[in-house]
Amino acid sequence: MPATNKHATTFTTPSDTDVVVTRVFDAPRKLVFEAHTSCKHMPNWMGPYGWTMSECRNDLRPGGEIRYTWSKPGGNGITITGVNKEVVPPSRVVSTESWGDPWPVATNILELTEVDGQTTVVMTIRYPSKEARDAALQTGMKDGMTVGYERLDEYLGTLS
Amino acid sequence: MEPDQLSLTFAALADPTRRAILARLASGEATVKELSEPFDMSGPAVSKHLRVLERAGLIARGRDAQWRPCRLEAAPLKEVAEWASDFRQFWDESHKRLDFYLAQLNAKERRKNARHK
């Protein structure tokens, strides 16, 4: 059984508009790139445990359309649509990403680098403004709301 | 929640003063006067923020005509908090699945290469 906890997914907000997700994989870049861009592979891993990727379209060329749909147990499905802008296999893809109203449309920059057979994937999700980014991720909640959330948890506990 | 309601919630949360007001209300109800003091803002300025928060369903106001104390309404915030943690969970779990999947693909490649030698 392969070691699974060797690499961790990190989430950072290095600028006002960006959310960056970084992860290392024990596989060559070509394979990791295909896994991220081909519908032959994506339904086999993309989405949390229990979710099913029921629709996968990725026309991997500039102007090509993207459409992914997931269904999840006990919940509504989620559809992501977008358009590829820049496609440079196996190192870089720039595309748009929309989760539908009310989420702001974001630009997705996928970058892959390989060192000694390990591939680092850096996914930058760039929002049109800090407000849009914070609204989407609620990173702005961290400063003012941390205490609030702890109390909110207590409060929610008293309601049930 | 209807998408329109969620939009209102996000718009209301985009402002740091309104988030600070919510954080204050998380420790108990407060009047406009009590809220304007720590934020060094006029009553009307605070009232304007409170109207946005009320429209977004994030606070409710008492019926007492003179004081109308504000209190936090938790449901829309919970929805937003769940989404933020969903984003992390989505990629955390997807990447763990991808570790296994890549290991399978790698093994398949190796078997194929071994056969061709």
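I began with the strands: two of them pair if DSSP finds at least two bridges between them, and strands (E, at least two residues) and helices (H or I, at least four) are DSSP runs numbered from the N terminus. This is a predicted model, where local features need pLDDT of at least 70, side-chain atom pairs count only at pLDDT 80 or more, and totals for chains, interfaces and linings use all residues. Residues are numbered from 1 along each chain as its sequence is written, with chains lettered from A and ligands numbered from 1 in written order.

**Chain A strands.** I found a hairpin joining E5(A) to E6(A) through three residues. E5 (78–88) and E6 (92–97) of chain A run antiparallel, joined by four bridges; Glu86(A) has Val94(A) as its bridge partner in E6(A). I then followed E6(A) to E7(A) (106–115), an antiparallel pairing over six bridges, in which Glu97(A) is partnered by Ala106(A).

**Chain B helices.** I looked up H3(B) (32–39) and H4(B), which pack at about 105 degrees with axes 9 Å apart (axes are lines fitted to C-alpha atoms over the stretch in contact, and angles run from 0 to 180 degrees between N-to-C directions). That makes H3(B) roughly perpendicular to H4(B), a label for angles of 65 to 115 degrees. Residues making the contact (C-beta atoms, placed from the backbone, within 7 Å) include Phe39(B) of H3(B) and Leu50(B) of H4(B).

**Around Ile59(B).** Leaving aside neighbours within four places in sequence, I listed the contacts of Ile59(B), among them Leu25(B), Leu50(B), Leu53(B) and Leu72(B).

Terms used: Contact = placed C-beta atoms within 7 Å. Parallel < 35°, antiparallel > 145°, perpendicular 65-115°, else oblique.
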